[in-house]
Amino acid sequence: MSELAELKNQYDYDLVIFDDELSPTQQKNIENALQVKVIDRTALILDIFAKRARTHEGRLQVELAQNEYLLPRLAGRWKHLERLGGGIGTRGPGETQLETDRRIIRQRIHRLKKEIEGVRKHRALYRQNRIAKGIPVVALIGYTNSGKSTLLNALSKSDVFVEDKLFATLDPTTRHLILPGGNKILLTDTVGFIQKLPPTIVAAFRATLEELNEADLLLHVIDITHQNAAEQSQTVNNILKDLGLSDKPTVQVLNKIDLLIHDLKKQNEIDLHDELDKYINSSLYETVLISASTGFGLNKLLDIISEKLYIKINS
């Protein structure tokens, strides 16, 4: 704490961001000690999510997570009013305002949960109709900014929003796709995962994550050019395990192979096969190399999808 105080004197900063989730007490104590605004990893992610949400469902989910995050942290926000106090046997205006705000937020959380439950029921009916029609579902998963939306566009010839930013895709997007053999499937893009995914966010996006549970096949997209690609891949696998989806049929898709080859040509001491072996040989899943932006490997990926779905449907 003293080191942060010294840095404040040196750089005159007015915001501190912690890369871990802080308890309300920790956050309040640190703010009191530093006399600056303090936010943690969860608050930062929620702020980004709020800017990225485009659909009604996405905004509902983000607002629920924000309110559940804010509720236990309200007390510190009304400290200046609590000091006003009140007469003997009366309640101070700060306490009254605090209790009022807590009641409003609890009511808001209750309403949001009801609305999201309605979304879940609607999705359940949609999934039942989908199952009745026998249309298989393939879900794109991966670390945020791994190229899932670019792959969705490349395979389905659509124009889903793509941007080189974290969580550019927050709301699930589904497109129809005809496989080489003529069979029709649904391809769904989902929100990207991150390390230390806060439980509040996982809970709020349960309705969206249920789409993964209903999928017949998962495509785990990995940005092979990222310096932490192996760690990001393991993060996604860990989250799938936490969600009870680790046994779901999965294909590992190593994306941006064109950029990797280009980079490695500049580093003659690194062998492409050695670089890829750590993903291919150590993976429990079938692996395919692609470039979603150039189209390299997409025909092979479609053949693998057809094979996996054919085996599942006819088993």
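This is a predicted model: local features need pLDDT of at least 70, side-chain atom pairs count only at pLDDT 80 or more; totals for chains, interfaces and linings use all residues.

**Exercise 1.** Find the salt bridge between Asp-19 and Arg-41, and work out which parts of the chain the pair ties together.

*Solution.* Start with the distance: the closest N and O atoms of Asp-19 and Arg-41 are 2.5 Å apart. A salt bridge needs such atoms within 4 Å, so the pair qualifies. Next, place the residues. Asp-19 sits in the loop between strand E1 (15–17) and helix H2 (24–34), while Arg-41 belongs to helix H3, so the bridge ties together parts that are 22 residues apart in sequence. Then check the cover: Asp-19 is partly exposed at 47% relative accessible area, whereas Arg-41 is buried at 16%.

**Exercise 2.** Is Asp-223 buried or exposed, and where does its partner Lys-256 lie?

*Solution.* First, the pairing: Lys-256 and Asp-223 form a salt bridge, with their closest N and O atoms 3.2 Å apart. Lys-256 lies in the loop between strand E7 (250–255) and helix H12 (257–265), and Asp-223 in strand E6 (residues 217–223), so parts 33 residues apart in sequence are tied together. Now compare with the cut-off: buried means under 20% relative accessible area. Asp-223 has 8%, so Asp-223 is buried. Lys-256, at 22%, counts as partly exposed.

Conventions:
Residues are numbered from 1 along each chain as its sequence is written. Side-chain values use heavy atoms; hydrogens and water are left out. A salt bridge is a side-chain nitrogen of Lys or Arg within 4 Å of a carboxyl oxygen of Asp or Glu. Helices (H or I, at least four residues) and strands (E, at least two) are DSSP runs, numbered from the N terminus. Buried means under 20% relative accessible area, exposed over 50%, partly exposed in between (1.4 Å probe, protein chains only).
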